[in-house]
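Subject: Structure handover

Hello,

Please find the structure below. My notes on it follow.

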Amino acid sequence: DNFISKLFYNEYGSEDEILSNAKDLGFCTDCNYRAVIGQFLTRKELKNNNWITNAIDRKKLAASSSMLKEQVLLAAAKLNLHVMTTYTDLFLIIYLEGDTNDNINDFLDVLDQYLLQTLPDYICAWGYDLQSNPIVSLNSITQNARTALDTVFHAKPSTLRSCFQTSNSQRMMSLIASIPEIQLLAEEILAPLIDYDRNHSSELLQTLSCFCKCNGRINETARNMHLHRQSLLYRLEKLEELLGMDLKQHHDFYLLDTCVQILNWN
């Protein structure tokens, strides 16, 4: 679990360290892997378009982590594929052996059936990257899979699976966020919020991010953040004051939404 979590969060310092640990643990280092990331939600949450997992469900999922990983291993074994998996921070992390064929959907079809038997009250949303990389260079495809997963929650029409390569908006954002000058500009624009949050232990940047994801809908943002409507309005007024922008103006809203996505991308 610790090894895969460190891969997921890109915490290894060198390729040699990754290879050494992987070999000690018995993982295959001769094949390429694809990144697949799942996030569980209840059927009620899916029906209400609410992606905030409550504390009770978090505990239940964490307590079921061993069973979840077992189902992943069984699904991979059925397709005769190497796999590495763990469950952490609401994410079911899977690095699946990759080849020239798109076997991810076949794998997910099998895994979804197993998971339904294990946790019938939950549904898993998936984000994945079709690229396959060696075990020493999984960071980029991991980030792409996380980005694809995020698009599941905002896709129209709705879907429970998202592939990074088929999401034009995310491919565009990937190109934008890769330009150092744009990254610096995004950080500069959002700096007043970052500094204010640091000095006052507030959540203005998180509030802006949720507001943008909800397409500027006040009631939906308040509900997702578990805030009273008036408290949310106060936060929005405060961040507008700090940034010198008006969220009701399309160009300001679009600019801030883009800056938040760039910041979260990195």
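In which helix is L108 found? L108 is in helix α6, residues 104–118; helices here are DSSP runs of H or I with at least four residues, numbered from the N terminus.

Before the rest, two remarks on the source. This is a predicted model, in which local features need pLDDT of at least 70 and side-chain atom pairs count only at pLDDT 80 or more, while totals for chains, interfaces and linings use all residues. Residues are numbered from 1 along each chain as its sequence is written, and side-chain values use heavy atoms, with hydrogens and water left out.

L108 counts as buried because its relative accessibility is 0% (buried means under 20% relative accessible area, exposed over 50%, partly exposed in between, with a 1.4 Å probe and protein chains only). Leaving aside residues up to four places away in sequence, L108 touches V36, W126, Y128 and R161, where contact means heavy atoms within 4.5 Å. L108 and V36 are 72 residues apart along the chain, and their C-alpha atoms are separated by 9.3 Å.

Next, the rings. The whole structure holds six aromatic pairs (Phe, Tyr or Trp rings, the six-membered one for Trp, with centres within 6.5 Å; planes under 30 degrees apart are stacked, over 60 edge-to-face, the rest tilted). One of them is F211 with F253, edge-to-face, at 5.9 Å centre to centre and 75 degrees between the planes. F211 lies in helix α10 (residues 204–213) and F253 in helix α13 (residues 250–265), so this pair ties together parts 42 residues apart in sequence. Both F211 and F253 are buried.

Ring pairs also link F3, Y12 and F27 into a cluster.

Regards

Key
Helices (H or I, at least four residues) and strands (E, at least two) are DSSP runs, numbered from the N terminus.
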